[in-house]
Amino acid sequence: MQESAGKPYVSETRVRFRHCDPAGIVFYPRYFEMINDFVEEWFDKALDHSFHRLLTGMRLGIPTASIQCDFTAPSRWNDTLRQELALRRIGGSSINFDVRFVGQDDERQRLSANATLVFVDVRSVRPAPMPQALRQRMAAYLMPAAPAA
């Protein structure tokens with residue numbers, strides 16, 4: 001699919017007590033919850049297609065089909081993290097994107113992830129086409145392809 005070059009979606013979040021282990025650092029499975037919250041915010045605020053609207057109004061679910069994550073520095077309770085989502089591919093019923101969390105105070109990358117979500121019909125749990133209006137809104141976040149090596 002040929003789309004124009006876009007920009008990442010950027011937001012920020014604060015590390016909460018519930019995200020941390022007894023040492024006061026983010027327990028790694030909580031990062032996956034934080035990534036999901038961030039993606040849900042992107043759909044709601046930037047794409048105008050909340051998960052609730054997709055599920056209840058359009059009968060579409062968006063499960064994670066693949067996620068790979070690297071943890072590069074710890075985050076601590078009450079840290080503020082800048083979250084960045086860069087869309088890499090828009091398919092017929094799936095999207096692939098990169099996520100980064102960066103500490104606001106020290107600019108250190110805390111994690112980087114790559115994920116693929118698949119749109120599915122909630123009744124059949126089979127891949128379903130993405131709504132055209134959503135596809136058009138996503139194009140604003142589609143990053144240019146890396147040059148071939």
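Asp79 is buried, with a relative accessible area of 16%. In this predicted model, Asp79 meets Arg110 in a salt bridge between their side chains, and that pair is one of 10 salt bridges in the structure.

**Salt bridges**

- Side chains of opposite charge can pair when their charged atoms come close.
- The N to O distance between Arg110 and Asp79 is 3.0 Å.
- Arg110 is buried, with a relative accessible area of 2%.
- Asp79 and Arg110 also belong to a network of salt bridges that includes Asp105 and Asp106.
- A salt bridge also joins Asp98 and Arg88, whose closest N and O atoms are 2.7 Å apart.
- This pair links distant parts of the chain, since Asp98 is in strand 5 and Arg88 is in strand 4, 10 residues apart.
- Asp98 is partly exposed at 24% relative accessible area, and Arg88 is likewise partly exposed at 39%.
- Within helix 1, Glu33 and Arg30 are three residues apart, which means that about one helical turn separates them.
- The side chains of Glu33 and Arg30 form a salt bridge with an N to O distance of 3.3 Å.
- Glu33 is partly exposed, with a relative accessible area of 36%, and Arg30 is partly exposed at 27%.

**The sheet**

- Strands of a sheet pair through backbone hydrogen bonds, either parallel or antiparallel.
- Five strands form an open sheet in the order 1-4-5-6-3, and their pairing is antiparallel.
- Strand 1 (9-14) and strand 3 (64-71) stand at the edges with a single partner strand each, so one side of each has no neighbour in the sheet.
- On average, neighbouring strands of the sheet are turned by 20° against each other, direction ignored.
- Strand 3 and strand 6 run antiparallel and are joined by seven bridges.
- Thr64 has Leu117, in strand 6, as its bridge partner.
- Gln83 is a residue of strand 4 and is buried, with a relative accessible area of 3%.
- Apart from neighbours within four places in sequence, the contacts of Gln83 include Tyr9, Val10, Met34, Phe38, Arg100 and Phe101.

**The nonpolar core**

- The largest nonpolar core has 36 residues, and those with the most contacts inside it are Trp42, Phe43, Ile95 and Met138.
- At least two residues of this core come from each of helix 1 (28-46), strand 4 (80-90), strand 5 (94-103), strand 6 (109-118) and helix 3 (132-138).
- Helix 1 supplies the largest share of the core, eight residues.
- Ile95 touches, among others, Trp42, Phe43, Leu87, Leu117, Phe119 and Met138, with residues up to four places away in sequence not counted.

**The cysteines**

- How many disulfides does the structure hold? The structure holds zero disulfides.
- A disulfide is a covalent bond between the sulfur atoms of two cysteines.
- Cys69 is in no disulfide either, its nearest cysteine sulfur being that of Cys20.
- Cys20 is buried, with a relative accessible area of 17%, and Cys69 is buried at 15%.

**Two loop residues with positive phi**

- Glu107 has a phi near 60°, which is a positive value in a residue other than glycine.
- Glu107 is located in the loop between strand 5 and strand 6 and counts as partly exposed at 48% relative accessibility.
- Val125, also a residue other than glycine, has a positive phi near 55°.
- The loop between strand 7 (120-121) and strand 8 (126-127) contains Val125.
- Is Val125 buried or exposed? Val125 is exposed, with a relative accessible area of 60%.

Conventions: Residues are numbered from 1 along each chain as its sequence is written. This is a predicted model: local features need pLDDT of at least 70, side-chain atom pairs count only at pLDDT 80 or more; totals for chains, interfaces and linings use all residues. Side-chain values use heavy atoms; hydrogens and water are left out. A nonpolar core is a set of buried Ala, Val, Leu, Ile, Met, Phe, Trp, Tyr and Cys residues joined through side-chain atoms within 4.5 Å. Buried means under 20% relative accessible area, exposed over 50%, partly exposed in between (1.4 Å probe, protein chains only). Helices (H or I, at least four residues) and strands (E, at least two) are DSSP runs, numbered from the N terminus. Contact means heavy atoms within 4.5 Å. A disulfide is a pair of cysteine sulfur atoms within 2.5 Å. Two strands pair if DSSP finds at least two bridges between them. Axes are lines fitted to C-alpha atoms, for helices over the stretch in contact, and angles run from 0 to 180 degrees between N-to-C directions. A salt bridge is a side-chain nitrogen of Lys or Arg within 4 Å of a carboxyl oxygen of Asp or Glu.
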